[in-house]
Amino acid sequence: MLNAGKAMKVTIYLSDGATRHGVPVYSSILDFLFYRGVAGATVTKGVAGFGADHHMHSANMVEISDRLPIKIEFIETREKIDAILGKLEELAGTGLIEMQETTVIKPAQVSKPKQFIPPTHLKIEGKAQMMRIYVSEEDRWKDKPLHEALVAAMRANDIAGVTVYRGILGYGAHRRVHKDKPLHANHHGSVMLSAIDTEEKLRAFLPLVDQMVAEGLVVFSDVDIVKYAYRALEVEATS
Amino acid sequence: MKEQFPARMVRIHFGEDDRWHGKPLHEAILAKCMELGITEAIVFRGIEGYGSGSRIRHSSHWPLTKDAPIQLSIVDTEEQIARLIPCLDAMVEEGLVATSTVEVIRYSRSAGKSEE
């Protein structure tokens, strides 16, 4: 297994049409790398390119090309690469092999079989707070609807849950009445986000609300959480 | 601009077909709120619900169909809400009014920009 530190990255450029004993070259190289225990390899297909023969290969709808450029990339230790390089050169045929020194920051880990992990960070019972945020549906934050951005931000900050409600009628800070028109595709109305979590977590999230909400109302109220049930999520453990 | 103050929240539950002087009740209450200078008011249409009359109200997929449950949520200071309650007493014939104490943070753009 590959460890963090110095390693070599090998890139092989091939033409998709290239075959060896009737099998595409990339697949015989991939098989070879796989059975020689290389840590991992990726094959990517280019959209267009040209090689030594100076023939332009492109994915054109008119001339459906089967000779698109293919790139195989893998990272391994110097010793392991030295051991397989000879065979690799033979397999690559007319393709180009390039190698460069690289640093592995974080080696990939073998994914564990799926297991149930209860979302421990979401355990709240008893006293909690409800945060309601009133904004307009037209409000935007970095080219995204503000309410969507807020939900994404809350999710990223592990807020237990949030629901967005769309008002059918309402007004806010600058007294412009927002009215929902039936059968109207683009809706411009008031929305309310209602999030529940512990006081500390909601207060810790507040500076972000300060940044994101230019105009609107935030309301805090005390709530009692009577029941917080969740379905155990099937998550792929990474450690 | 950011202001922070303790406030009251009022939630009123009734039906979409409820009327006041021929006008939909939620529109009438909203107009009253604006008249009183209430900070924030928003009307929500529920998907399903039941109230004091114990008849189940549905909201249809067809947006013009009425008789959906309505919830009005109003936020302002204790004094402002106290002014509103008598009006609600007169207007809401059948329904529920719930109040709670809340803490409010209000964000507003600078006064010059808000008038478009």
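Visitor: In what order do the elements of chain B run from the N terminus?
Guide: From the N terminus on, chain B runs β-β-β-α-β-β-β-β-α-β-α. Helices (H or I, at least four residues) and strands (E, at least two) are DSSP runs, numbered from the N terminus.

Visitor: What should I know about the model and the numbering?
Guide: The model is predicted: local features need pLDDT of at least 70, side-chain atom pairs count only at pLDDT 80 or more, and totals for chains, interfaces and linings use all residues. Residues are numbered from 1 along each chain as its sequence is written, with chains lettered from A and ligands numbered from 1 in the order in which they are written.

Visitor: OK. How many helices and strands does chain B have?
Guide: Chain B has three helices and eight strands.

Visitor: What percentage of chain B is buried?
Guide: Of the 116 residues in chain B, 31% are buried. Buried means 20 or more other C-beta atoms within 10 Å of a residue's own; exposed means 12 or fewer, and partly exposed is in between, with C-beta atoms placed from the backbone.

Visitor: Is helix 2 of chain B hardly covered or buried?
Guide: Hardly covered. One of its 14 residues is buried. Helix 2 covers residues 78-91, and its end C-alpha atoms are 20 Å apart. The expected span is 1.5 Å times one less than the number of residues.

Visitor: Switching to cores. Which residues have the most contacts inside the largest one?
Guide: Ile133(A), Ala41(B), Val43(B) and Ile74(B), in a nonpolar core of 46 residues. Strand 15 (residues 190-197) of chain A gives the most to this core, five residues. Such a core is a set of buried Ala, Val, Leu, Ile, Met, Phe, Trp, Tyr and Cys residues joined through C-beta atoms within 7 Å.

Visitor: What is Ile133(A) in contact with?
Guide: Leaving aside neighbours within four places in sequence, Ile133(A) is in contact with residues including Leu150(A), Met192(A), Val209(A) and Val218(A). Contact means C-beta atoms, placed from the backbone, within 7 Å.

Visitor: And Ser194(A), where does that lie?
Guide: In strand 15 of chain A. Ser194(A) counts as partly exposed because it has 15 C-beta neighbours inside 10 Å. Outside four places in sequence, its contacts include Met130(A), Arg132(A) and Tyr165(A).

Visitor: How many residues does each chain bring to the contact?
Guide: Chain B brings 25 residues and chain A brings 25 residues. On the side of chain B, strand 8 of chain B gives the largest share, seven residues.

Visitor: At what angle do helix 1 and helix 2 of chain A pack?
Guide: About 165°, with axes 10 Å apart. Axes are lines fitted to C-alpha atoms, for helices over the stretch in contact, and angles run from 0 to 180 degrees between N-to-C directions. So helix 1 of chain A is roughly antiparallel to helix 2 of chain A. Angles over 145 degrees count as roughly antiparallel, under 35 as roughly parallel, 65 to 115 as roughly perpendicular and the rest as oblique. Val25(A) and Phe32(A) are among the helix 1 residues that meet helix 2.

Visitor: Last one: what is the phi of Asp158(A)?
Guide: Near 60°, positive in a residue other than glycine. Asp158(A) is in the loop between helix 3 (146-156) and strand 13 (161-171) of chain A. His21(B) also has a positive phi, about 50°, and is not a glycine. His21(B) is exposed, with 7 other C-beta atoms within 10 Å.

Technical notes. Two residues are in contact if their C-beta atoms, placed from the backbone, lie within 7 Å.
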